[in-house]
Amino acid sequence: MTVSPDAPATGIRRSVEDAVHAVLERDAVDPAVDLFDQGVTSLAFIRIVAQLNEKYDITLDVAELEEASIDALSALVDTQSAAKDR
């Protein structure tokens with residue numbers, strides 16, 4: 001999945017950032033860099049995805065991600081939320 005500079009909505013982006021910061025218990029995360037490259041474990045990533053699934057009542061298919069960055073996650077949440085609302 002390619003992330004366009006326009007997407008996703010600010011609210012979704014903020015929610016993804018909040019979930020990442022809550023799970024990692026730190027604020028210094030580069031939104032454009034893969035979370036695994038920043039020391040995130042698989043378990044932490046699963047917890048982040050679970051929080052987003054619950055918040056937006058979606059089921060993220062992380063296999064669609066080319067990278068596990070905040071930017072890419074935000075775009076995926078935005079896409080799945082929009083599809084659910086149709």
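The legends below describe close-up views of one predicted model.

In this predicted model, local features need pLDDT of at least 70 and side-chain atom pairs count only at pLDDT 80 or more, while totals for chains, interfaces and linings use all residues. Residues are numbered from 1 along each chain as its sequence is written, and side-chain values use heavy atoms, with hydrogens and water left out.

**View 1. The chain as a whole holds 3 helices and 0 strands.** Read along the sequence, the pattern is α-α-α, where helices (H or I, at least four residues) and strands (E, at least two) are DSSP runs numbered from the N terminus. Of the 86 residues, 43% count as buried, a term that stands for under 20% relative accessible area, with exposed meaning over 50% and partly exposed in between (1.4 Å probe, protein chains only). Among the contacts in the chain with a separation of 6 or more, 59% come from residues 24 or more positions apart, a contact being heavy atoms within 4.5 Å.

**View 2. Helix H1 has buried residues that are covered by parts of the chain including H2 and H3.** The 15 residues of H1 should span 21 Å at 1.5 Å a residue, and the end C-alpha atoms of H1 are 21 Å apart, which agrees; the expected span is 1.5 Å times one less than the number of residues. The buried residues of H1 include Ile 12, Val 16, Ala 19, Val 20 and Leu 24. Gly 11, also placed in H1, counts as partly exposed because its relative accessibility is 47%. The C-alpha atoms of Gly 11 and Ser 74 are separated by 9.5 Å, although these residues lie 63 residues apart along the chain. Just after H1, Glu 25 takes a positive phi of about 55°.

**View 3. H1 and H3 cross at roughly 125°, with axes that come within 9 Å.** This angle makes H1 oblique to H3, since angles under 35 degrees count as roughly parallel, over 145 as roughly antiparallel, 65 to 115 as roughly perpendicular and the rest as oblique. The axes are lines fitted to C-alpha atoms, for helices over the stretch in contact, and angles run from 0 to 180 degrees between N-to-C directions. Residues making the contact include Ile 12, Arg 13 and Glu 17 of H1 together with Asp 71, Ser 74 and Asp 78 of H3. By class, this contact has 6 nonpolar, 1 polar and 4 charged residues.

**View 4. H2 and H3 have axes that come within 11 Å and cross at roughly 30°.** That angle makes H2 roughly parallel to H3, and the crossing of H2 and H3 is right-handed. The contact is made by Phe 45, Ile 48, Val 49, Leu 52 and Tyr 56 of H2, and by Leu 73, Val 77, Ser 81 and Lys 84 of H3.

**View 5. Gln 38 is found in the loop between helix H1 (10–24) and helix H2 (42–56).** With a relative accessibility of 18%, Gln 38 counts as buried. Leaving aside its neighbours within four places in sequence, Gln 38 is in contact with Arg 26, Ala 28, Val 29, Asp 30 and Val 33.

Conventions
Left-handed = near helix turned anticlockwise from the far one by under 90°. Nonpolar A, V, L, I, M, F, W, Y, C, P; charged D, E, K, R; others polar.
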